[in-house]
Amino acid sequence: MPDISVKEAKERVRTAIKNSGFDMQSRKIVVNLSPADIKKEGSFFDLPIAIGILSCSGDIDKNSLQDTIFIGELSLDGKVNKVNGVLPMCIEAKKLGIKRVILPIENVIEAAVVKQMEVIGVKNLQQVIRIFK
């Protein structure tokens with residue numbers, strides 16, 4: 001039950017990956033945002049979707065992503081844009097044992113309120129990839 005911003009993520013993510021210098025090829029990719037019965041809202045799914053695609057394609061080592069969450073909207077040029085609601089996401093992630101969050105640089109101060117969690121602010125998708133290479 002995605003809202004419009006989640007439906008539009010398909011084109012934002014595909015274009016951001018391509019414009020960041022990665023080959024998307026012309027294959028169809030299915031992203032499962034489960035559970036299906038929970039409404040998905042917001043554009044903060046863009047960055048985690050892109051990272052999932054890049055890890056499945058071998059551009060990022062899947063093992064390096066352990067205990068990390070990704071939050072952020074992608075612009076068409078690969079820039080990671082600020083999103084709303086970062087603090088509650090980070091609090092819940094910490095409760096679930098997550099140790100690191102990668103998010104827009106503009107959201108770092110808000111996320112840093114959560115103690116004992118590494119907070120890494122990024123400007124674009126290429127910078128995220130460099131962190132994991």
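In which loop does S75 lie? The close-up views below, drawn from a predicted model, begin with this residue and then move to other parts of the chain.

**Figure 1. Serine S75 and its surroundings.** S75 is placed in the loop that runs between strand β2 (73–74) and strand β3 (80–81). Its relative accessibility is 18%, and S75 therefore counts as buried, since the limit for that class is under 20%. The side chain of S75 forms a polar contact with the side chain of D77, at 2.4 Å. When neighbours within four places in sequence are left aside, the residues in contact with S75 are R12, A16 and N81.

**Figure 2. Overview of the chain.** The chain contains 5 helices and 5 strands. Along the sequence, these elements follow the pattern α-α-β-β-β-α-β-α-β-α. The chain has 133 residues, of which 41% count as buried. Among contacts with a separation of 6 or more, 64% are made by residues 24 or more positions apart.

**Figure 3. The salt bridge between D46 and R12.** In the whole structure, 2 salt bridges are found. One of them joins D46 to R12, with 2.6 Å between the closest N and O atoms. D46 belongs to helix α2 and R12 to helix α1, so the pair ties together parts of the chain that lie 34 residues apart in sequence. Are the two partners buried or exposed? D46 is buried, with a relative accessible area of 0%. R12 also counts as buried, at 13% relative accessibility.

**Figure 4. The salt bridge between D67 and K99.** D67 and K99 form a salt bridge in which the closest N and O atoms are 3.8 Å apart. This pair links distant parts of the chain, 32 residues apart: D67 is in the loop between α2 and β1, while K99 is in the loop between α3 (86–95) and β4 (100–104). D67 has a relative accessibility of 35% and counts as partly exposed. K99, at 52%, counts as exposed, because the limit for that class is over 50%.

**Figure 5. Helix α2 and the residue G58.** Helix α2 spans residues 46–56 and is mostly covered, with 8 of its 11 residues buried. The buried residues of α2 are D46, L47, I49, A50, I51, I53, L54 and S55. Just after this helix, G58 adopts a positive phi of about 90°.

**Figure 6. The largest nonpolar core.** This core consists of 24 residues. Those with the most contacts inside the core are I17, L47, I51, F70, L74, L125 and V128. Helices α1 (4–19), α2 and α5, together with strand β5 (118–122), each supply at least two residues of the core. Which of these elements gives the most to the core? Helix α2 does, with 6 residues. Another core, of 12 residues, lies apart from the largest one and includes A93, L103, V114 and M117.

**Figure 7. The aromatic pair F70 and F132.** The structure holds 1 aromatic pair. The ring centres of F70 and F132 are 5.7 Å apart and the ring planes meet at 55°, so the pair is tilted. The two residues come from distant parts of the chain, 62 residues apart: F70 is in strand β1 (residues 68–70), and F132 is in the segment after α5 (125–131). Both F70 and F132 are buried.

**Figure 8. Isoleucine I120 in strand β5.** I120 is located in strand β5. With a relative accessible area of 17%, I120 is buried. Leaving aside neighbours within four places in sequence, I120 is in contact with R100, V101, I102, L103, V108 and I131. The C-alpha atom of I120 is separated by 9.6 Å from that of N107, a residue 13 positions away along the chain.

Terms used: Residues numbered from 1 in each chain as written. Predicted model: local features only at pLDDT ≥ 70, side-chain atom pairs only at ≥ 80, totals over all residues. Heavy atoms only, no water. Helix = DSSP H or I, 4+ residues; strand = E, 2+ residues; numbered from the N terminus. Buried < 20%, exposed > 50% of the residue type's maximum accessible area, 1.4 Å probe, protein only. Polar contact = N/O pair within 3.5 Å; in protein donor to acceptor, adjacent residues only side chain to side chain. Contact = heavy atoms within 4.5 Å. Phe/Tyr/Trp six-rings, centres within 6.5 Å; stacked < 30°, edge-to-face > 60°. Core = buried A, V, L, I, M, F, W, Y, C linked by side-chain atoms within 4.5 Å. Salt bridge = Lys/Arg side-chain N within 4 Å of Asp/Glu carboxyl O.
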